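Colleague: I am new to reading models. Could we go through one together?

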Amino acid sequence: MREAHPLERQVGIDYYVSDGPGVGGHLRDAPADFRVREIEGMEPESLGADPGSYPHLLVRATLTDWDTNDFAGALSDGLGISRTRVSWAGTKDKRAVTTQLFSVQGVDAADLPALSGADVEALGRIGRNLEFGDLAGNAFEIRIAEPERPEAVDAVTDALREFGGGVAVPNVFGHQRFGSRRPVTHEVGLHVVREEWREAVLAYTGNPAETEPDRTQRARETVDEVAGSADPDWRVALDAMPGHLGYERSMLHALVENGGAEPADFRGALETVPWNLQRLFVNAAQSYAFNRMLSGRLRRGLPFDRPVAGDVVAFADADAPEGVPVPDTDRLQRVSEDRVGVVRRHCERGRAFVTAPLVGTETNLGDGEPGEIAREVLSDLALAPADFDLPGNFESAGTRRAILVGTDLDIVRDPLTLSFSLPRGSYATAVLREYLKGDPRDL
């Protein structure tokens, strides 16, 4: 197996499936080089539907070089409403052309403002706001600029077909899950799950990375120096932190206010950030452990497209749209030795998926070699399912996730462009990394 890029190994991704060289090159010379379109899973009522019963306007926005959160803020500002009345189903990359759904509470189509770089179309009305995951998947069209070995695309594709019985890759969490430029979110989460509240705050506010601007690095170094002193003066750390690092400043401000001496003080500091970021810390820890489990499976040479004894499979979600099959994690089956053949046929026909755990309080680990891998990873990380019984937004029951994601891939040679669709929750970088084999920060 070919060893992954060092930055990928930091987030638990140890190998590539394809052994040969990648095509090289880079992405996102221009936003139009990276196009993402949501595969929609929401059917609205008409625009004339009763706003009392259907208070949310559903809009489709095609955005050029817009961060999803920034667009939501600009949209709410343009409407003169609270930012909390704008919701969406999935966060997209900024340096791209993205087509995605938003819901806006209590407005009419005629109220929508004109925003630069945004084409906004009102589709109808719905009875609730969009929630994260209210989409079937995403379709991608991605141009690879200046490939050094464009001919390598065929060998990579052949390797992915051999690996997954079709073009398929390990369903890893991409580098951006952990912080594209400074992958520390999982480090914070691991400390949270161990209830090491002080260490969690310092992993986020201190802990400088070489990829950051010099001023930011110096500010984080100041945090580490203050934390290492006998009598920490958190005001010094706060004063050093640049204003644009709002979450870091909110944590340090809390330490100034509460003294920053007891574990509860540091937990309180973590709880000053938005609830979704609090959850992301724990989710990133779960994702890191999941990536490690998939690396362990690759290392042992176990298949991804079919089960072995001890695996846990999820049957396909019967309500998923055609072309984007996803597992129903409420329909699980542990694979015993005498059932391997039967379940394998279900997997071959797309009726079931081999899974690994995103560990939480309700996680039951597998048996056999898959169970050994999961237990080895958790032991190495000093984690157990019961550890996720945490206060507030840090608690997680856990779930399971398919270990393989397949796609129908279309390749255009000149310019070299990859087009493919993935179910919700899967990362385009899981496919792209195999083809480029470069620095994950360039994906």
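Modeller: Start with F281: its relative accessible area is 0%, so F281 is buried. Buried means under 20% relative accessible area, exposed over 50%, and partly exposed in between, with a 1.4 Å probe and protein chains only. This is a predicted model: local features need pLDDT of at least 70, side-chain atom pairs count only at pLDDT 80 or more, and totals for chains, interfaces and linings use all residues. Residues are numbered from 1 along each chain as its sequence is written, and side-chain values use heavy atoms, leaving out hydrogens and water.

Colleague: How many aromatic pairs does the structure hold?

Modeller: Rings of Phe, Tyr and Trp (its six-membered ring) pair if their centres lie within 6.5 Å; planes under 30 degrees apart are stacked, over 60 edge-to-face, the rest tilted. The structure holds 11 such pairs. One of them joins F163 and F304: tilted, 5.1 Å centre to centre, 50° between the planes.

Colleague: Why does the pair of F163 and F304 tie together parts apart in sequence?

Modeller: F163 lies in helix α3 and F304 in the loop between α10 and β10, so the pair ties together parts 141 residues apart in sequence. Helices (H or I, at least four residues) and strands (E, at least two) are DSSP runs, numbered from the N terminus. Both F163 and F304 are buried.

Colleague: Which pair does F281 form?

Modeller: F281 pairs edge-to-face with Y204, at 5.5 Å centre to centre and 70° between the planes. Y204 is in helix α5 and F281 in helix α10, 77 residues apart.
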